[in-house]
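Colleague: I am new to this structure and would like to learn how to read it. Could we go through it feature by feature?

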Amino acid sequence: MQQWSLIFFVLNAYLLSFVLASAIPLRARDRTPSNSGRITLPLKRFQAARTDVHPQLLMQQYINRGSKRLSRMTGRQEPSEHELRSAIHKRLYILEGGQGLAFKSGNTRGGMAAAHGHHGSYGAMSNGTTTNGTSIPSNSTMSGGSGGTSGNNTGVSPIDIQAASTGGLTVAKTPTTNGSLGLDIEANDVAYIATIQIGTPATDFKILMDSGSADFWVGGENCQSTLGGCGNHTFLGTQSSSSFVTSNTKFQVTYGSGAVEGTICQDQVSIGGITLSNHTFGITTAESQQFADPTAPFDGLMGLALSTLSQQNVSTPVESLASNGLIPAAITSFKISRLADQLNDGEVTFGGLDSTKFVANSLVTIPNVSQKGFWEGSIDAISINGADSGLTGRTAVLDTGTTLMLLPQSDAQQLMQGLGGTCDTQQCTIPCTTNASLALTFGGSSFPIDPRDLATLPIDINNPTGDCVSGIQPGQFGTATEWLVGDVFLKNAYFSTNVNNNTISLAKLSTP
């Protein structure tokens, strides 16, 4: 009886937790702009604190959220709550018969089931220490690289395993390029956050960078949720900003997981030291628990898709920066970092590309084929270990806010078979020590995925060289040709979007 109580407690907590932030970068023009007028923000990865929930449950959450997100993005019917709950139930049964629901690390903290009563600490992971004080062995750092070359002979990095279990925010190094902001990393490469300033006096807000939506909002001072308030976040309103002006215009945005509603406002918004005066965006008056939870390590969300998607019917910040002549063009560029590399060099750049992050002659630019305003590119070829996979006619929604690659089941099964893994209707697995090569070709240029990104977390957390949950997972989206391609791929390429030209650019990463 106690075991079933734990199962349903975890299940209920799952239904109340999490947000899938999605940034879908688009290809920038086929040249490297000068540094003049460019803004680059460090992208920070955010992660919630969980130590008593098995990584497989967390992985199923990522899969469920990605499935809902792509269905919403493509206008197709979303998986039902029954289907999503069934997937979680199946995962629970698997764990019940295997390792079990819980696992422990050296420093146990409140996990998913306890998160709503836990005020997590999200600070830097540096000098061998995580945000909660758990030490990381100095010899556990994996060698970094530019993607597709490092291999995975020793299995999953202990840094990744610990980050998945303990959570925390790994703060990015300060970018050296003018106008850049670092992207902080959540857990084991789950999502990315940048810090901007809003109001008078200017106040720091941690913002989830989401190019899979087109609305920018932060929590309002009077925000409410079923938890009461909206967490211990930074809020905006007349009490905190003398330049804040509200309106009677309402907005509501529903994401793959979670929703917010509020009012349209205006205030000063500073991004990388460049200020948008009286910028129009939203403050929330109500948030679902996924956003309002005290452990959510961000204060708002910035949508960076085309503004035709905006529920607020306003320009995105990058579009406003460009239309006001503050940056050369409405370009957003991403360098997504990998925790295991311990480089912490992720960044987001507004107005151009950071030429120090990629190989100049490898830059390719392709048209955005989405008719809805997302960033979607045609895949020229898909190869496994250098050989053609036989899959053609696929397109990829490139989304920095999606952790995994989510594919129609038949495609996922075909790829996993070629990569030496297995795949059923619920989950794909792959040897943690895989050195298999998967590459996607865009614009005639092939971009290999580092084997470490194909093997995310061990099935048995105590066996990092056994079988792993794959970075490729099945998703039922109602289409046979569309893929949702997240950080598993994007950590291996420089990624840029251009609203003015409606193009996407990719390039090979330079060697650190």
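Colleague: How many bridges join S11 to S27, and do they run parallel or antiparallel?

Modeller: Strands of a sheet pair through backbone hydrogen bonds, and the pairing is either parallel or antiparallel. In this predicted model, S11 and S27 run antiparallel and are joined by 4 bridges. Within that pairing, isoleucine 331 stands opposite asparagine 498 in S27. S11 also pairs with S12, again over 4 bridges and in the antiparallel sense. There, phenylalanine 334 has valine 348 of S12 as its bridge partner.

Colleague: Which residues of S11 point one way, and which the other way?

Modeller: Ile331, Ser333 and Lys335 point one way, while Thr332 and Phe334 point the other way; all are buried. With 5 of its 5 residues buried, S11 is therefore largely enclosed by the rest of the structure.

Colleague: Next, the open sheet. In what order do its 4 strands come?

Modeller: The order is S16-S15-S21-S22, with antiparallel pairing. The edges are strand S16 (387–388) and strand S22 (445–449), each of which pairs on one side only. Strand S15 (residues 381–384) and strand S21 (residues 438–442) pair in the antiparallel sense over 4 bridges. Isoleucine 382 stands opposite leucine 440 in S21.

Colleague: Which helix lies across S15 and S21?

Modeller: That is H7, which runs at about 35° to S15.

Colleague: Which residues of helix H7 are buried?

Modeller: The general idea comes from the turn of the helix. An α-helix has 3.6 residues a turn, so residues three or four places apart point the same way. In H7 (residues 409–419), the buried residues are Asp411, Ala412, Leu415, Met416 and Leu419. They cover an arc of only 125° around the axis, which puts them on the same side of H7. After H7 comes glycine 420, with a positive phi near 85°.

Colleague: Now the charged side chains. How many salt bridges does a search of the whole structure find?

Modeller: Side chains of opposite charge can pair when their charged atoms come close. The search finds 8 salt bridges in the whole structure. One of them joins the side chains of arginine 338 and aspartate 453, at 2.7 Å from N to O. Arginine 338 is in the loop between strand S11 (331–335) and strand S12 (347–350), and aspartate 453 is in helix H8 (residues 451–454), so this pair ties together parts that are 115 residues apart in sequence.

Colleague: Are arginine 338 and aspartate 453 buried or exposed?

Modeller: Both are buried. For aspartate 453 the relative accessible area is 3%, and the cut-off for buried is under 20%.

Colleague: Which lysine also meets aspartate 453 in a salt bridge?

Modeller: Lysine 491 does, at 3.0 Å from N to O. This pair links distant parts of the chain, 38 residues apart: lysine 491 is in the loop between helix H9 (487–490) and strand S27 (494–498), and aspartate 453 is in helix H8. Lysine 491 counts as buried because its relative accessibility is 8%. Salt bridges that share partners join Asp189, Arg338, Asp341, Asp450, Arg452, Asp453 and Lys491 into one network. Arginine 452 and aspartate 450 are buried.

Note on methods: Residues are numbered from 1 along each chain as its sequence is written. This is a predicted model: local features need pLDDT of at least 70, side-chain atom pairs count only at pLDDT 80 or more; totals for chains, interfaces and linings use all residues. Side-chain values use heavy atoms; hydrogens and water are left out. Buried means under 20% relative accessible area, exposed over 50%, partly exposed in between (1.4 Å probe, protein chains only). Helices (H or I, at least four residues) and strands (E, at least two) are DSSP runs, numbered from the N terminus. The arc is that of the directions from the helix axis to the C-beta atoms. Two strands pair if DSSP finds at least two bridges between them. Contact means heavy atoms within 4.5 Å. Axes are lines fitted to C-alpha atoms, for helices over the stretch in contact, and angles run from 0 to 180 degrees between N-to-C directions. A salt bridge is a side-chain nitrogen of Lys or Arg within 4 Å of a carboxyl oxygen of Asp or Glu.
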